[in-house]
Amino acid sequence: MNLGLIPLAIATVGASYAALVLRGWRRRDNRMFGLLALTDAAMTAGRGMNVLTGGSIVAPGVLVPCMIGTIALALLTLEFVAGFPRRRPMSWWWRGAMLAWGALGLAITIATVDPENATERTGVLVEVVFFMPATLLVFVLGARAFAQTHQRDARIVIAMLWFRWGFGFAAYVLGPIFGMFEAAVWAETTLATMVSFTVIGTAVLRSELFSIRSSAAEVVTIATVALLVMLGGGGAVTAALAYVEPGRLQQLALFGAALVPLALAAIGYAMYPRVERRVLASLDERRARRLGVQGDPLPADATAAIAEASRRIASIGDGAAVRWLANTELPPALAAELVIGEPLRKDEVAGLPACFIVPALGAERILVGAFYLDDGLIDRDTYVVARDLAARVALAVQRAQAVSELHDARRLAALGQFAAAIAHDIRTPLTSISMNVQILRRKLQLTDDDREHLDIALEELARLDRSVAEILDFAKPVKLTSEPIDIAELIETTKKNLTPVLFERGVGVRVEPPDSLTVHGDPQRLRQVLTNLVDNAANASRPGTEVTLRASATDDHHIEIEIEDHGRGIGVDDLPRIFEPFYTTRPDGTGLGLAIVHKVIRAHGGDIKVRSTLGGGATFTITLPAPT
């Protein structure tokens, strides 16, 4: 047997572990490990191919590419261990210094090592300048990470990185000194690499909920496919060189041979689902159950889909307690973490014990809700089922919401048109009645008590006129005149206009001066929005309290304006409906003020939300896009 097959087989195992880890959670340290393993696998495969074609594992054509690859491997290892496990990644300042140091090592390698005449001692300068300090840094950063974690799998990964770099350092530095360089490189390429791939990959996969049996079967399968792809490509090239005469025909044959690995890889990718069902499922009972649970579609009804998904997750989780929470029921801080799309392990959330949380993201990556899993068996198969079913539930919920919103829009459109027609017919006689009452008040010689009745009538007529104006304003389409608006000036103008009115109610207005913020919009309409919200906040506030206005820029290129009061707050049942037209809790309200506010903000491309508890005040947050 050609010894070159051994490094090739080890390289395919390493590439398989990398592929599995990259299929796991998209954490930064997972991506770094995947890149690290793929780089190491590529160097191992290069050595194997050279031996397979009759060369030496320490031939000059192998040493130089491996030295360059090891520089990249060192930088990836340092990046990985600096942020492992789940710690803050290396700062850009340090990363820049590392890249400059790697570039220096690369330049020294290119300048001092002759690719045609490289020996084990020609890279002494780059060893002193780069590889020795890099090995020391791996040990130092690894020691810090080892001390800061108590996870068994994480410590195994760090220990194996030490082993990998310590063995490599001994092979390339001490091997030539003791006259056993080639034997040391063979040991490093086979034993050390295989042990590192297996132990590190298995430890990382265990932390990603992969079962050992499942991951072992998948690694063997992927490695077999990868080995066949490499051997098929190598065989095609060898046949083109051996059996086709040199010339244009051989060039065409070599070009075709270069496409063979791509074709084999495409065939392997297309056949993998069938291999998983017929081969891997027969080797792994958990995988077989998972494939069975995932296969059938969910009911179209959102409530039924949630119930069926919960049942299936509980069945694959061997009785795990499964609970669905809609996005409105999630704590804001937790929702912000789940928007990323990755599952979370939490010690305690919303009164639940230690649990595993799988987010449900719908179209445009909008968080619809989440599944809480507790007890039972929570492994990779349970997670994959929960992730896939959560995505389907999210689409079912969004579809139901879209249908409901369409029905509501049609109903409100008809209601708005009806109300606008009535309001238009009422307004003319209402104006006439008001004018005639004012004329009578001036002409008639009435006592103060009798005149008071006319004043009350005029006040009620004015209130009715305002209600009619609100109905007509809501029914009309929003027409905007867009121009740059200084947010600080907008808030200050609103405060000045309302201060005298609110002073009579004993309510103050406090402004927290924002930074220099600008939006594009209609100043009159946005001033109307703020006036409405501040007036509502003052009505809900007790005398002697304040309404606060503040503004700030967000990280996603938006501007937020907050109106906060410390009044009676909004009840849980009323909170979801406050922006609905004609919904009001005030006996003298039309239920259109907040509906118009919502309509104007949406016309500006923004959004408005409210946080409130009964008796604890309310905070309305307007979000507007910042100018680009």
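Does arginine 510 count as buried, partly exposed or exposed, and what is its relative accessibility? At 35% relative accessibility, arginine 510 counts as partly exposed. Here buried means under 20% relative accessible area, exposed means over 50%, and partly exposed lies in between (1.4 Å probe, protein chains only).

The model is predicted, so local features need pLDDT of at least 70 and side-chain atom pairs count only at pLDDT 80 or more, while totals for chains, interfaces and linings use all residues. Residues are numbered from 1 along each chain as its sequence is written, and side-chain values use heavy atoms, with hydrogens and water left out.

**Salt bridges**

The structure holds 13 salt bridges, a salt bridge being a side-chain nitrogen of Lys or Arg within 4 Å of a carboxyl oxygen of Asp or Glu. Three of them are listed here.

| Salt bridge | Closest N to O |
|---|---|
| Arginine 47 and glutamate 188 | 3.2 Å |
| Glutamate 512 and arginine 510 | 3.4 Å |

Arginine 47 forms its salt bridge with glutamate 188. Arginine 47 lies in helix α2 and glutamate 188 in helix α7, so the pair ties together parts that are 141 residues apart in sequence. Helices (H or I, at least four residues) and strands (E, at least two) are DSSP runs, numbered from the N terminus. Arginine 47 is buried, with a relative accessible area of 4%, and glutamate 188 is also counted as buried, at 4% relative accessibility.

Glutamate 512, the partner of arginine 510, is partly exposed at 28% relative accessible area. Glutamate 562 is buried, with a relative accessible area of 14%. Salt bridges that share partners join Arg510, Glu512, Glu546, Arg550, Glu562 and Glu564 into one network.

Helix α2 covers residues 28–52 and has 25 residues. From its first C-alpha to its last, α2 reaches 36 Å, close to the 36 Å expected at 1.5 Å a residue; the expected span is 1.5 Å times one less than the number of residues. Glycine 54 follows α2 and has a positive phi, near 100°.

A search of the whole structure finds two cavities of 30 Å³ or more. A cavity is a set of points on a 1 Å grid over the protein atoms alone where a 1.4 Å probe fits but cannot get out, and lining residues have an atom within 4 Å of a point. The second largest cavity has a volume of about 100 Å³. Its lining includes Phe33, Asp40, Leu73, Arg164, Trp165 and Phe197. At least two lining residues come from each of α2, α3 (60–82), α6 and α7 (181–207), and α2 gives the largest share, four residues.

**A surface patch and a loop**

Leu174, Ile177, Phe178 and Met180 make a nonpolar surface patch of about 430 Å². Patches are made of residues with over 30% relative accessible area and no salt bridge, with nonpolar side chains joined within 5 Å. Leucine 174 is found in helix α6 (residues 152–177) and is partly exposed, at 38% relative accessibility.

Aspartate 379 sits in the loop between β4 (367–374) and α13 (380–443). Aspartate 379 is buried, with a relative accessible area of 8%. Its C-alpha atom is separated by 9.5 Å from that of isoleucine 316, 63 residues apart along the chain.

Technical notes:
Patches are made of residues with over 30% relative accessible area and no salt bridge: like charges are joined within 9 Å, nonpolar side chains (Val, Leu, Ile, Met, Phe, Trp, Tyr) within 5 Å. Accessible areas come from the Shrake-Rupley method with a 1.4 Å probe; for residues, only the protein chains shown count as cover. On a 1 Å grid over the protein atoms alone, a cavity is a set of points where a 1.4 Å probe fits but cannot get out, and a pocket is an open set with protein on both sides within 12 Å along at least five of seven lines; lining residues have an atom within 4 Å of a point. Grid points are joined across faces, edges and corners, and a volume is the space filled by probe spheres set on the points.
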